[in-house]
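I opened this notebook to record what I looked up in one predicted model. The entries follow the order in which I consulted it.

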Amino acid sequence: MYIDKLENLSNYIKDQKLAKAITEFLLNSATVEAGKHPILDGTFANVLEYTTKAFETVKMEAHRKYLDLQYVISGEEAVLKQDLDDNAPINEYNDVKDVVHYSPKSYDKALLLEGTFGIMFPEDLHQCIAVSSPAPIKKVVVKIPVGII
């Protein structure tokens, strides 16, 4: 997993046409309505507005088909991260939703602040939670097909 500022996004995506399309979408995302929006080459964005969740209410997850690029428009979230390695899933992989859940014994924690993004790869278990207490957030989760990054 990587966390960085939006101006550095092109350092993480080889296809510069895709990097530019994602960056342009994210730069304009503050005025985009919540929902699913196509970007380019099977990449799409989910614009979300919600109240961040308490740690006790979430399960860590991993994906197989898509990378998650999570960008915070307003608010902040803590992101829990652990390598997939030897962790066993607690449910079956859902091919339609591209998700499987885990309950690792340990994890690292980082912050996603306004204007920053995190890239979560298939080998990254991850989950976003409230920093201290539940609070409003607006963010974009860009789903990038594994084969194109």
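**Entry 1: D124 and strand 10**

I began with D124, which is buried, with a relative accessible area of 3%. I place D124 in strand 10. Setting aside residues up to four places away in sequence, I list M1, E61, A62, K81, Q82, D83 and I119 as the residues that D124 touches.

I then asked how many residues of strand 10 are buried. I find 6 of the 6 in that state, so strand 10 is largely enclosed by the rest of the structure. I noted the side-chain directions as well: D124, H126 and C128 point one way from the strand, while L125, Q127 and I129 point the other way, and all are buried.

For a pairing partner of strand 10, I record strand 6, joined to it in the antiparallel sense over 6 bridges. Within this pair, K81 stands opposite H126 in strand 10.

- I count 8 bridges between strand 5 and strand 11 (residues 136-145), which run antiparallel; Y71 stands opposite V140 in strand 11.
- I count 8 bridges between strand 3 and strand 11, also antiparallel; E49 stands opposite K138 in strand 11.
- I count 5 bridges between strand 2 and strand 3, again antiparallel; H37 stands opposite A45 in strand 3.

**Entry 2: Q70 in strand 5**

I looked up Q70, which lies in strand 5 (residues 66-74). Is Q70 buried or exposed? I find a relative accessible area of 4%; the cut-off for buried is under 20%, and therefore Q70 counts as buried.

The side chain of Q70 is joined to that of K139 by a polar contact of 2.6 Å. Leaving aside neighbours within four places in sequence, I find Q70 in contact with L112, T116, F117, G118, M120, H126, C128, K139, V140 and V141.

**Entry 3: two loop residues with positive phi**

I searched for positive phi values in residues other than glycine and noted D41, with phi near 50°. D41 lies in the loop between strand 2 and strand 3. These two strands form a hairpin with 2 residues between them, and D41 is in the turn.

I noted D98 as well, with phi near 50°, again in a residue other than glycine. D98 lies in the loop between strand 6 (77-83) and strand 7 (100-102). On accessibility, I find D98 buried, with a relative accessible area of 4%.

I turned to D15, whose place is in the loop between strand 1 and helix 1. D15 counts as partly exposed, at 29% relative accessibility. A polar atom of the D15 side chain lies 3.0 Å from the backbone nitrogen of K17. I also compared positions along the chain: D15 and I149 are 134 residues apart in sequence, yet 7.0 Å apart in space, C-alpha to C-alpha.

**Entry 4: the largest pocket**

The largest pocket has a volume of about 410 Å³. Which residues of its lining are the closest to its centre? Of the 20 lining residues, I record L48, K53, E61, D68 and Q127. Among the strands, I find that strand 3, strand 5, strand 10 (124-129) and strand 11 each supply at least two residues of this lining. One of the central residues, E61, is also on my list of residues that D124 touches.

Key. Residues numbered from 1 in each chain as written. Predicted model: local features only at pLDDT ≥ 70, side-chain atom pairs only at ≥ 80, totals over all residues. Heavy atoms only, no water. Helix = DSSP H or I, 4+ residues; strand = E, 2+ residues; numbered from the N terminus. Buried < 20%, exposed > 50% of the residue type's maximum accessible area, 1.4 Å probe, protein only. Polar contact = N/O pair within 3.5 Å; in protein donor to acceptor, adjacent residues only side chain to side chain. Contact = heavy atoms within 4.5 Å. Pairing = 2+ DSSP bridges. 1 Å grid on protein atoms, 1.4 Å probe; cavity = no way out; pocket = protein on both sides within 12 Å on 5 of 7 lines; lining within 4 Å. Points joined across faces, edges and corners; volume = space filled by probe spheres on them.
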